[in-house]
Amino acid sequence: MEEGKAPAFLRKNKTLIIADLSLVFVALVWGANFVIMKDALEQITPFAYLGVRFLLATFLLSAAFWRKLLKTRLDDLKCGLLAGFLLFSGYAVQTVGLMHTTPAKTGFITGTSVVIVPFFYYLATKDHPGKGAFSGGFLALAGLYFLSTGGGSLTEGFFLQYGDFLVLLCAFFFAAHLVTLGIISPCRSTLVLSVLQLAVVGFLSLMTSLIFEPLSNLVIRSPHIWAAVLFAVLFCTIGAFVTQTAAQKHTRSTHAALILSTEAIFAGVFSYFFWGEAFTPPMVFGILL
């Protein structure tokens, strides 16, 4: 070993730790965005918001790094379109599903992606993620249950509604996106892959808004909403998705799923401090799980 040079396994572990900590940042800003957008989403429809948010992020990144984007290969384009489609599909069915079920159910059922990812990862790579990935996933899912319900019940009896099945489909899309990103990101440009994903989500969201939502929602006049949108653009979209794409070059999809599930914790903490929402003992237990 060269003098002053750390062993390879230490360098690898350091890279893994940095990647995982980067994903904690992503979960934090996504959790904060729930609180920031709480009022704004009462004045702008969901797909109009997603269209403006993702297209503005695409424009800013493209304007700053257009020279690098000119080097996009056909293979990069295909991968970016696939990842972007999976991401948009998750957002779309989640949004529609939320109209037919409760926020508590939506939060919990979306969180089931944390246990779907290890199965998808194994099916896609034939590489067993280890028992820890499965046990950790189920612990995180149990924690999400207590966070979502505060110790109460998600359903009366065992009947799932139409909206619940849509949200479950969203969990599969998000899980597929995480696994796909973990597979395609290591050998591709982080910037190109990020921009392509954002562009697909923004374009499809805008088209959906134009078809199903009032056109007036695309005109944002309130400085309050613009401030919320700009926060989402800079931190929750550009910062978060570029960071996630880069981090998944160096950590497994199962790591990413577990870490990103802490988004629910950050959302709860920010809601407690800024909206005065109560934390019950079962919710604290959920956070610990």
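Author: Let's start with Phe241, which has a relative accessible area of 2% and therefore counts as buried (under 20% is buried, over 50% exposed and anything in between partly exposed, using a 1.4 Å probe and protein chains only). Keep in mind that this is a predicted model: local features need pLDDT of at least 70 and side-chain atom pairs pLDDT 80 or more, while totals for chains, interfaces and linings use all residues. Numbering runs from 1 along each chain as its sequence is written, and side-chain values use heavy atoms, with hydrogens and water left out.

Rings of Phe, Tyr and Trp (its six-membered ring) pair if their centres lie within 6.5 Å; planes under 30 degrees apart are stacked, over 60 edge-to-face, and the rest tilted. That rule gives 9 aromatic pairs. One of them joins Phe241 to Trp30, a tilted pair at 5.4 Å centre to centre with 55° between the planes. Trp30 belongs to helix 1 (residues 8-40) and Phe241 to helix 10 (residues 223-247), so to speak from distant parts of the chain, 211 residues apart. Helices here are DSSP runs of H or I, at least four residues, and strands are runs of E, at least two, numbered from the N terminus. Trp30 is buried too, at 14% relative accessibility. Both rings sit in one aromatic cluster: Trp30, Phe54, Tyr91, Phe174 and Phe241.

Helix 11 (residues 253-260) has 6 of its 8 residues buried, so the rest of the structure largely encloses it; among the buried ones are Ala256, Ile259 and Leu260. Helix 7 (residues 131-149) has 19 residues and should span 27 Å at 1.5 Å a residue, which agrees with the 27 Å between its end C-alpha atoms (the expected span is 1.5 Å times one less than the number of residues). Its buried residues include Phe134, Leu141 and Leu147.

Most residues other than glycine have a negative phi. Lys126 is exposed, at 61% relative accessible area.
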